[in-house]
Amino acid sequence: MSSGDRGQAVGVKGTYEVRTYGCQMNVHDSERLSGLLEGAGYERAPEGSDGDADVVVFNTCAVRENADNRLYGNLGRLAPMKTKRPGMQIAVGGCLAQKDRDTIVKKAPWVDVVFGTHNIGKLPVLLERARVQEEAQVEIAESLEAFPSTLPTRRESAYAAWVSISVGCNNTCTFCIVPALRGKEKDRRTGDILAEIEALVGEGVSEITLLGQNVNAYGSDIGDREAFSKLLRACGKIEGLERVRFTSPHPRDFTDDVIAAMAETPNVMPQLHMPLQSGSDTVLKAMRRSYRQDRFLGIIEKVRAAMPEAAITTDIIVGFPGETEEDFEQTMHVVREARFANAFTFQYSKRPGTPAATMEGQIPKEVVQARYMRLSALQEEIAWDENKKQVGRTLDLMVAEGEGRKDGATHRLSGRAPDNRLVHFTKPDAEVRPGDVVTVEITYAAPHHLLAEGAVLNVRPTRAGDAWEKRNTEAAAKPAGVMLGLPQVGAPEPLPVATTGGCALG
């Protein structure tokens, strides 16, 4: 929890566990939920508790396939535990809660609290009310009650942080249910955003990711089309802030001034996640994506001209209703032309409540699967080729924790390059902490990571590393049962055979 956000503890009430599903917005919301619970006197349950906590919170996603089935399955597994533990409470929030509302309590009557995406700040009050009244509390606000960033926060990383600049989305993509659940776009005041970033930097954070459902539409509230580029440039003036990233932009709103701001602001990283969804103009029109193939490739060309070293990633949906073989080949064409460093590819699946769910021309599963495999093979080949171009380069890495699954066995550490590529490097003799910066030479490339097998060229201790060390020292001094987990930062690994009806960000 940020030092200024702790609130006043009211005595330890027990332990809590928050389970998070879905996009980065949910990850950030879960930091808020954890902060609220700790401010109300709960302690985080040890890692691996698996429901053995006094309060278990599900922060749900409505985008992934079978999200409701997974939720009810998980709730079902907790029912016997709750029977054995009088006083245990279960809460369900997030997009699925916003959508299903009273249905959750009807299907799982042992749930104590259901809350929506607009009123996460009410969780402690609803838990207490459910306890006193001994009945389930369902409260779903129809509009945002408080901007999430004004709530207490238990940040998961000491050195990298999400900073929300807007919530909601004004787009009407036919595959996506998120605008109906998150509401219309609402921008946060620039001064409040910069104040939060400066406070985070003061606590040791050296990398921030600006977060929004459609991040580069920032400023639409006040009609300033250059508000986002101005925000990026303002981030460049914050002393001690080493890395700035953002996710996810929309091609419709991506303007030349944003490209210029990225190229001209040293701490804005040469990384761009630009959702494509489809390379076919016909399919893009059916999706209500307000750009076409030429516009998308034009953006990529301008970004590469301004920042030749930029790594560009994307989202692609395969098998959207009505997609023909020719349409799919247009997507393959864009992938060949854009040469993405990584692509998060999804098989289309129906989402109740979206226009696409009732469209004619639903594609047979076997056809979608075959196209998905062809696209994945092409992207894998391109990603590997692009990574091979990194061999021989000298890069500064921000050391990360938890990103190298084999680091212990291989005596390596892992970090992120400026363009967000994952690099595993030989562990140096000098002490290196997450948040510190090391300089290495890349010696080997795989499709989804790089290796630096030689000696580390330089180690630069940072205030972020100091912050990580301080947090972990304090955690070790606390009684058993308090755990300060540090998750991955940067883009996640590609999903194997994920299916979706839309992307929550972009």
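Predicted model: local features only at pLDDT ≥ 70, side-chain atom pairs only at ≥ 80, totals over all residues.
Residues are numbered from 1 along each chain as its sequence is written, and side-chain values use heavy atoms, with hydrogens and water left out.

**The chain as a whole**

The secondary structure comes to 15 helices and 22 strands; helices (H or I, at least four residues) and strands (E, at least two) are DSSP runs, numbered from the N terminus. Of the 506 residues in the chain, 58% are buried. Here buried means under 20% relative accessible area, exposed over 50%, and partly exposed in between, with a 1.4 Å probe and protein chains only. The accessible surface of the chain is about 20,700 Å², and carbon and sulfur atoms hold 52% of that; such areas come from the Shrake-Rupley method with a 1.4 Å probe, and for residues only the protein chains shown count as cover. Among contacts (heavy atoms within 4.5 Å) with a separation of 6 or more, 76% involve residues 24 or more positions apart.

Six of the six residues of strand β3 (residues 55-60) are buried, so the strand is largely enclosed by the rest of the structure. Val55, Val57 and Asn59 lie on one side, Val56, Phe58 and Thr60 on the other, and both faces are covered. Strands count as paired if DSSP finds at least two bridges between them. Strand β1 (residues 14-20) runs parallel to β3 and is joined to it by five bridges, with Tyr16 having Val55 as its bridge partner. With strand β4 (residues 89-94), β3 pairs in the parallel sense over six bridges.

**Two open sheets**

A three-stranded open sheet has the order β7-β10-β11, with parallel pairing. Its edge strands, each pairing on one side only, are β7 (160-164) and β11 (243-247). Neighbouring strands here are turned by 25° against each other on average, direction ignored. Axes are lines fitted to C-alpha atoms, for helices over the stretch in contact, and angles run from 0 to 180 degrees between N-to-C directions. Strand β10 (residues 207-211) pairs with β11 in the parallel sense over five bridges, and Thr209 stands opposite Arg245 in β11. Helix α1 (residues 24-39) packs on this sheet, touching β7, β10 and β11, and its direction makes about 100° with that of β7.

The other open sheet has seven strands in the order β19-β20-β17-β16-β15-β18-β21, and its pairing is mixed. At the edges are β19 (444-445) and β21 (458-460), each of which pairs on one side only. Inside this order, strand β15 (residues 394-400) and strand β18 (residues 437-441) run antiparallel and are joined by five bridges. Thr394 stands opposite Glu441 in β18.

| Helices | Axes come within | Crossing angle |
|---|---|---|
| α8 (residues 227-235) and α9 (residues 256-264) | 8 Å | roughly 5° |
| α11 (residues 293-306) and α12 (residues 325-338) | 11 Å | roughly 10° |

Angles under 35 degrees count as roughly parallel, over 145 as roughly antiparallel, 65 to 115 as roughly perpendicular and the rest as oblique. α8 and α9 are therefore roughly parallel to each other, and α11 and α12 are also roughly parallel to each other.

From α8, Phe228, Ser229, Leu232 and Arg233 meet Asp257, Val258, Ala260, Ala261, Met262 and Glu264 in α9. These residues divide into six nonpolar, one polar and three charged. Ala, Val, Leu, Ile, Met, Phe, Trp, Tyr, Cys and Pro count as nonpolar, Asp, Glu, Lys and Arg as charged, and the others, Gly among them, as polar. The buried residues of α9 are Asp257, Val258, Ile259, Ala261 and Met262; they pack against α8, β11, β12 (271-273) and α11.

In α11, Gln293, Phe296, Leu297, Ile300 and Arg304 meet Gln330, His333, Val334, Glu337 and Ala338 of α12. That contact divides into five nonpolar, three polar and two charged residues.

**Arg463**

Arg463 sits in helix α15 (residues 463-477) and is partly exposed, with a relative accessible area of 43%. Leaving aside neighbours within four places in sequence, Arg463 is in contact with Val201, Gly202 and Gly204. The C-alpha atoms of Arg463 and Val201 are separated by 8.9 Å, although the two residues are 262 residues apart along the chain.
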